[in-house]
Amino acid sequence: MNEHDSEKVAGVLLARGYRQVETPESASLILYNTCSIREKAAQKLFSRLGVYRDLLGGEQKIGVLGCVAQQEGEAIFARAPWVSLVCGSASYRNLPQLLAQLEAGEERVSGLGIDTDETFETEVTRRDNPWRAYITIIEGCDKACAYCVVPFTRGPERSRDSARILAELRKLAELGYSEVQFLGQTVNSYADPSPRKMRFSELLLEAAQVPGIRRVRFTTSHPRDFTPDIVAAIDAHPGICNHVHLPVQSGSTRVLRAMQRTYSRDEYLEKIAMIRGARRRTAITTDIIVGFPGESEAEFDETLSLLDVVKYDGVFSFKYSPRPNTPATAMPDAIPEEEKSRRLSLLQEKQRRIQIESLRGLAGNIFEVHVDGKSKKENHWHGHSSCNRVVNFASTQDDILGRYVAVRVNGCTPNSLLGEHTSN
Ligand code: SAM
Ligand code: SF4
């Protein structure tokens, strides 16, 4: 999502007549986008700003965007007086005005309000990938997970008008994009503000029918709002990718309650059963946090056992990291860092074994692969299947970049499939 924010911000700059340059030294304006979901984000920002100050000699304007800008606010000006602009993610729609103020000679400008019901609409978005485009459909978050900084930095949930989303998609299709990824912190909590009141599953179906669009992805889904009509939409249209990213965070109902995730282990498993019950074999991936305050050994074992039950196709796992202002920072029984690291490696090792086993089971299958790059090895390429698996494969054809090709799987690595281009 942060990457896509940067693409939209770059679009705002292009629309104002700026052009992108290759190095910070040759820029007149540098905007630094930040994320503070984990780890020492503020520290990282200030050391980076120090590097810019030493490198650039004071001629350029420097701005800070994103979550850290939101959290640190105008304190950034005090700690790094060479910064001229501070703008949080909920205020990007004010960027053109902030830039105009800077251009008019104001020394310091900021956009830090988060109490908003508006979304960030851009006329131009400078996309990095020529075939796959991100589209934000919902901004902010109204959930209140006890560990998470997003509601404080990105503001309340606000959905974009479905007609606007579909118009952007049609424009992208005309430009040659064939794959789109709908984005939102809780993408499936989408609530169309227009009189049409399109449901999220209807939006997926309509998007998949746009001429030229071959794949529609979406991330991240919140388990509570994952409803049967989404599974029905995946079953109904092959253009809707058969992959669901459904973060669980913990396999223990006690920890889930402490995290304020709004579902129990069993309720989560019901959602998994619903997806597994679909006609199309749908890949499921997840996010897990280990070492949440008070997580006992037995509760961590419940997370490990969940991996055995679900057999995820991929897991993003993190050590709990205390975030400013979040309720979890005040919770007792913090887990020591070494213990968090131990749990993380146990979890990752277990998942590695599960994943290899399931990838091995795919030998002989044929996948449609969207080719997104050439490997260093001659006649070798890589791309993604609809179920979002990375596929490395051999092909003697030399014009397949950006195309969809059939690949027969003949092996795997821990994180990807190996295969060869086939005409079947
Ligand atoms: N909105 C999504 C959801 O509900 O799952 C994910 C948002 S967050 C950007 C991505 C992942 O970062 C989360 O799923 C969680 O696993 C992890 N995360 C968020 N806050 C964290 C924290 N304080 N410490 C460790 N991991 C965290
Ligand atoms: Fe954070 Fe929870 Fe919102 Fe996801 S749903 S962004 S984890 S508060």
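A polar contact is a pair of N or O atoms within 3.5 Å; within protein, one atom must be able to donate a hydrogen and the other to accept it, and residues adjacent in sequence count only if both atoms are side-chain atoms. The views below show a predicted model, in which local features need pLDDT of at least 70 and side-chain atom pairs count only at pLDDT 80 or more, while totals for chains, interfaces and linings use all residues. Residues are numbered from 1 along each chain as its sequence is written, chains are lettered from A and ligands numbered from 1 in the order in which they are written, and side-chain values use heavy atoms, with hydrogens and water left out.

**View 1. Polar contacts and cover of ligand 1.** An oxygen atom of ligand 1 lies 2.6 Å from an N or O atom in the side chain of Asp 287, and nitrogen of the ligand is found 2.8 Å from a polar backbone atom of Ser 321 and 3.0 Å from a polar backbone atom of Tyr 147. Of the 560 Å² of accessible area that ligand 1 has on its own, the protein covers 90% (Shrake-Rupley method, 1.4 Å probe; for residues, only the protein chains shown count as cover).

**View 2. The buried side of helix 8.** In helix 8, residues 200-208, the buried residues are Phe 200, Ser 201, Leu 203, Leu 204, Ala 207 and Ala 208 (under 20% relative accessible area, 1.4 Å probe, protein chains only; helices are DSSP runs of H or I with at least four residues, and strands are runs of E with at least two, numbered from the N terminus). Because these residues cover an arc of only 160 degrees around the axis, they lie on the same side of helix 8, the arc being that of the directions from the helix axis to the C-beta atoms.

**View 3. Asn 410 in strand 16.** Asn 410 has its place in strand 16, residues 404-413, and its side chain reaches the backbone nitrogen of Gly 419 at 3.5 Å.

Notes. Buried means under 20% relative accessible area, exposed over 50%, partly exposed in between (1.4 Å probe, protein chains only).
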